[in-house]
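Hello,

Here is the structure I promised to pass on to you. Have a look at it first, and then read on for what turned up in it.

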Amino acid sequence: MSLALAGIAALLSLAAASLLYGNSSVDTSTLFSAFFDKQNADQTISMILYDIRLPRVLAAVVCGAGLSISGLLLQEALGNNLASPSVMGVTNGAGLFVLISAILFGNSVIAKSFMAFIGALLTITVVFAISRYAGSAKSTLVLSGVAASALMSAGINLIVVMKPDTVYDKMAFQLGSLSNVHKDILAVSAVLIFVSIIITVILSKGIELFPLGDDVAHELGMPVRRYRVIALFLSVLFAAASVSVCGLISFVGLIVPNLIRQISRSSFADKLLLSAVWGINLILAGDLLAKNIMYPYELPVGMLISLLGAPFFIIMIAKKRMRG
Amino acid sequence: MVEIKNLSAGYNGQPVIRIPSLSFGEGEITSIIGENGSGKSTLLKAIDNILRYNGSIKADGKEIAGLRHLERARLVAYLPQTLIPVRLNVRTLVSHGRYAHTGISHRLSSVDRTMVDNAMVLTDVQDMRDRWLNEISGGELKRCYLAMVIAQNSRYILLDEPAAGLDVSHQIMMMTILRRLAGEGIGIIITSHDTPLSLTYSDRVCMLKNGEVLAVQRPEEIEAEDAMMRKCIGYGIKINGDESALYKYRLEK
């Protein structure tokens, strides 16, 4: 419970800091009055607050929750702590199809969200196909994910090189960034993630049985295959909704659920909400750092999180090896 | 009663067991014995529909493969040989046994909580209810999982090698618990490599060899099936004349 309270307190503080501090130096009291009295606020201040900083905070909320929960679901459903939307290639698959959507359908919001989902779903299907062909060991699944991820990444690079106008800021998209968030896509993703969270909470008692092993989960009355398909479908939806907002932010779905699992031993529903809150915090903190570390230049938040995530991934592999 | 007719089941399209007819009664313990690879675990998995099967397996007249998951779990419980020490506390694990009884919300009622507590008392794990499964011994883990399937309150309980890995006193404790459950009318089917132990506590013995049933016999009549026993496990069995012996039966060369 204290972890949840600490998470919410950190979230509120980081969100407030993100609203108050940015590249434009605006007086705190002016921002406060603009926040609570939009009608009489200065137009520039109002634009900074409502068109730049607030969407950025909301994008962090959507992507932090989406990517963390996606990772948690993948790890539970596959019984593999190394699984995450970026390691399994799901984020790259969604990203590739967002770019394909831009080529085929221009700026259609629905097309982008739908294509992101199709890309993510296609990638995880390819991962399972490779893994099934190569043998269903846990390590094979992760390796298949890495291979599919590389393939999708190559596709992204190809489009960025051949059709550079498909993406507004290619570096921000490829490394993951909260700048230039499209408000309509944000709204669609927020709704998708909210609905998916409700469905996941409803199914949480069943999902909680995955770690007991398929045979025990089955004997307790859980339709294991059906639940696994639904959990993977939801994890893909969470990841796709996040990628269409903030591009290819990696490792959030790996770092956060694993840390939550280490610290908290509560129910799956609690872990889900803790993962969401701390995932948001990681992205908000990363974004604050990205905005200020090389001020006045801004780094993509995804790059900073990858700097943290890559060593974390190596430590996890080392720990697995030590356990034998 | 669990009734099996013309059963075949296996892996990757290859049948491991072929059983024309076999039945298991309620209120009794049946031990399935046989060498490694004889199909003991495959038979249990088919009865719980973990493995798809051809033929018919009916429990209380209902075809297992035709039941909904929750309905099947209320009828048949199964404990595999390998149990995972997940990061859960003991009480939560045992509470999972009520999954099939708690509707769509899966919230425990006071009746469910009482059944969970009773199962923990019966298996003597109530004092470790707040301990974590990944921090207890293998034998304790086995008792915790047994408490989970007892809390499930199914009509039949299938256990794959329930006594394996336990010290002698806990083996006896495990079998005594199973005897008590059988006394309450639950049908218990276990697989075992410890033939003297399982015969001592069982009402019937089912001998498997290469996926086929050689014989089903009451333990006290087992000496008459010496040749069949030798074919089944490679050794003969005798009733132990020594009253002070731990088990009623002993293996012979």
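The expected span is 1.5 Å times one less than the number of residues. Helices (H or I, at least four residues) and strands (E, at least two) are DSSP runs, numbered from the N terminus.

A word on the ground rules: this is a predicted model, in which local features need pLDDT of at least 70 and side-chain atom pairs count only at pLDDT 80 or more, while totals for chains, interfaces and linings use all residues. Residues are numbered from 1 along each chain as its sequence is written, and chains are lettered from A and ligands numbered from 1 in the order in which they are written.

Back to α4(B): which of its residues are buried? They are Met115(B), Val116(B), Ala119(B) and Met120(B). These cover an arc of only 135 degrees around the axis, which puts them on the same side of α4(B); the arc is that of the directions from the helix axis to the C-beta atoms. On the other side, Ser110(B), Val111(B), Thr114(B) and Val121(B) are exposed. Buried means that 20 or more other C-beta atoms lie within 10 Å of a residue's own, exposed means 12 or fewer, and partly exposed is in between, with C-beta atoms placed from the backbone. The cover over the buried residues includes α3 (90-96) and α5 (138-151) of chain B. Just after the helix, Asp124(B) takes a positive phi of about 60 degrees.

Chain B also has sheets to look at. One is an open sheet of 4 strands in the order β2-β1-β4-β5, with antiparallel pairing. Its edge strands are β2 (14-24) and β5 (62-63), each pairing on one side only. Strands count as paired if DSSP finds at least two bridges between them; β4 (residues 53-59) and β5(B) have 2 bridges, in the antiparallel sense. Lys58(B) stands opposite Glu63(B) in β5(B).

Another open sheet of chain B has 6 strands, ordered β6-β7-β8-β3-β9-β10, and its pairing is mixed. At the edges stand β6 (76-79) and β10 (212-217), each with a single partner strand, so one side of each is left without a neighbour in the sheet. Strand β9 (residues 204-209) and β10(B) pair in the antiparallel sense over 5 bridges, and Val213(B) in β10(B) is the bridge partner of Leu208(B).

What does each chain bring to the contact between A and B? Chain A gives 14 residues and chain B 18 residues, where contact means C-beta atoms, placed from the backbone, within 7 Å. Helix α10 (residues 214-219) of chain A supplies the largest share of the chain A side, 4 residues.

Helix α5 (residues 109-134) has 26 residues and reaches 38 Å from its first C-alpha to its last, close to the 38 Å expected. Among its buried residues are Phe117(A), Leu121(A) and Ile124(A). Ala34(A) sits in helix α2 (residues 28-36) and is buried, with 22 other C-beta atoms within 10 Å. Ala34(A) touches Ala41(A), Asp42(A), Ile45(A), Ser46(A) and Leu49(A), not counting residues up to four places away in sequence.

Enjoy exploring it!

How values were computed: Contact = placed C-beta atoms within 7 Å.
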